[in-house]
Amino acid sequence: MKNLFASGHRACGGCGMAIAIKLILEATGENVFVVSPTGCLEIVSSPYPETSWRVPWIHSLFENAASVASGIEAGLKALGRKDEGKVLAIGGDGGTADIGMGALSGMFERGHDVTYICYDNEAYMNTGVQRSSMTPIGASATTTPAGKVSYGEIHPKKDLVSIAVAHGLGYVASASVGYAADLMDKVKKAVDHDGPSFIHLHSSCCTGWRHPSSKTVEVMRLAVLTGLWPLYEVVDGEVVNVKRLAKRLPVEDYLKTQGRFSHLFKTDEGAEVIRQIQAMADANAEQYGLDLDIEE
Amino acid sequence: MKLRIGAIADPGTSVVNLTGGWRTEIPRITPELCIRCFNCVIYCPESAVKYSDKEGIYFDYDYCKGCGICSNECSGHAIYMEMEEK
């Protein structure tokens, strides 16, 4: 391992994001400029005067990571220094899908040669598990708490990959920290792609999702194996390289591993929500052709 | 501490922060069971699981936070967690 993300960072034990950053930098190598919006990644990696980064890294504001990355790319181009490295922006789901959405859309539209990676831990974990537009249905967050009158989050996740594809990007992919080789392969492809590219990366937060820290990788694999997080690439608008499943697991296998869904298993209303989540997994399977037909 | 414009820090300086003190459980390895799948090296969030030809898999206890991912992902069931007494 190249160890470009130094030890001593302040992420919780078992942090999915810390694994993700380590694997991303392993794939890109040291010739890369990284931009981060505000979020866990910024907080844990750069308490002044320390930093965990061994590559050039900058943080500016919550909403403008994509703009800063665009500026760096345009600057390198203007100075004729594009061969010095690729520009990478790594942000959380809040900084990408909520607060930074406008800047991100602008970056896509202007066609900057930047790879944007959104590590999606499905809420604002840094400030204490407030819901974001990426929080899945049924999840209990501090601003959508489950209780007598509510089963938690009521809105489905935003489809970030489709939003990126709608901008006409040449390379878009969904990835999971549970599949390290696949993730590193996708990061390499995205960085090598000329023009903007986007990776939507599922990354567990053991504190916010409330599962034991040792189960981080296992839980993320279960999201893929139940069909809730399909792994695929979209190259020039075509869905390719879908990870197909020989035997898709029921969504309960994924939901029961996490405290944020535990209330769903206690009431009839919860059972109905689980049926709704299963229907979403079935729809994913239908849309991306996840189920592998094995002749008996 | 010298303050600089725009809060610039030198690369990799967080290594001064020894996070090993966060640990309640400590990973141990039975080397005979290790099948060199390197899942522990790949998935350690702290980069605290290391490998050398001479020593095999070993842990950097200065930084290991004791999350237990290495033990959970170990294909050969070689890594186990133990309560650490300090």
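**Entry 1: second largest pocket.** I looked up the second largest pocket and found 18 lining residues, with Trp57(A), Gly6(B), Ala7(B), Ile8(B) and Ala9(B) lying nearest its centre. I worked throughout on a predicted model. I noted a volume of about 420 Å³ for this second largest pocket. Strand β2 of chain A, residues 57–59, provides the largest share of its lining, 3 residues. Sorting the lining of the second largest pocket by class, I recorded 11 nonpolar, 4 polar and 3 charged residues.

**Entry 2: largest pocket.** I then turned to the largest pocket, which holds about 520 Å³ of space. I found 26 residues in its lining; Lys157(A), Leu228(A), Trp229(A), Pro230(A) and Asn284(A) lie nearest the centre. The lining of the largest pocket comprises 16 nonpolar, 5 polar and 5 charged residues. I listed the elements of chain A that each supply at least two lining residues: α6 (160–166), β6 (197–202), α10 (252–255) and α11 (268–288). Helix α11(A) gives the most, with 5 residues.

**Entry 3: Asn284(A).** I followed up Asn284(A), one of the residues nearest the centre of the largest pocket, and located Asn284(A) in helix α11 of chain A. Is Asn284(A) buried or exposed? I class Asn284(A) as buried because its relative accessible area is 17%, against a cut-off of under 20%. A polar atom of the Asn284(A) side chain lies 3.0 Å from the backbone oxygen of Gly227(A). Setting aside neighbours within four places in sequence, I found Asn284(A) in contact with Gly227(A), Leu228(A), Pro230(A), Gly289(A) and Leu290(A).

Key. Residues are numbered from 1 along each chain as its sequence is written. Chains are lettered from A and ligands numbered from 1 in the order in which they are written. This is a predicted model: local features need pLDDT of at least 70, side-chain atom pairs count only at pLDDT 80 or more; totals for chains, interfaces and linings use all residues. Side-chain values use heavy atoms; hydrogens and water are left out. On a 1 Å grid over the protein atoms alone, a cavity is a set of points where a 1.4 Å probe fits but cannot get out, and a pocket is an open set with protein on both sides within 12 Å along at least five of seven lines; lining residues have an atom within 4 Å of a point. Grid points are joined across faces, edges and corners, and a volume is the space filled by probe spheres set on the points. Helices (H or I, at least four residues) and strands (E, at least two) are DSSP runs, numbered from the N terminus. Ala, Val, Leu, Ile, Met, Phe, Trp, Tyr, Cys and Pro count as nonpolar, Asp, Glu, Lys and Arg as charged, and the others, Gly among them, as polar. Buried means under 20% relative accessible area, exposed over 50%, partly exposed in between (1.4 Å probe, protein chains only). A polar contact is a pair of N or O atoms within 3.5 Å; within protein, one must be able to donate a hydrogen and the other to accept it, and residues adjacent in sequence count only if both atoms are side-chain atoms. Contact means heavy atoms within 4.5 Å.
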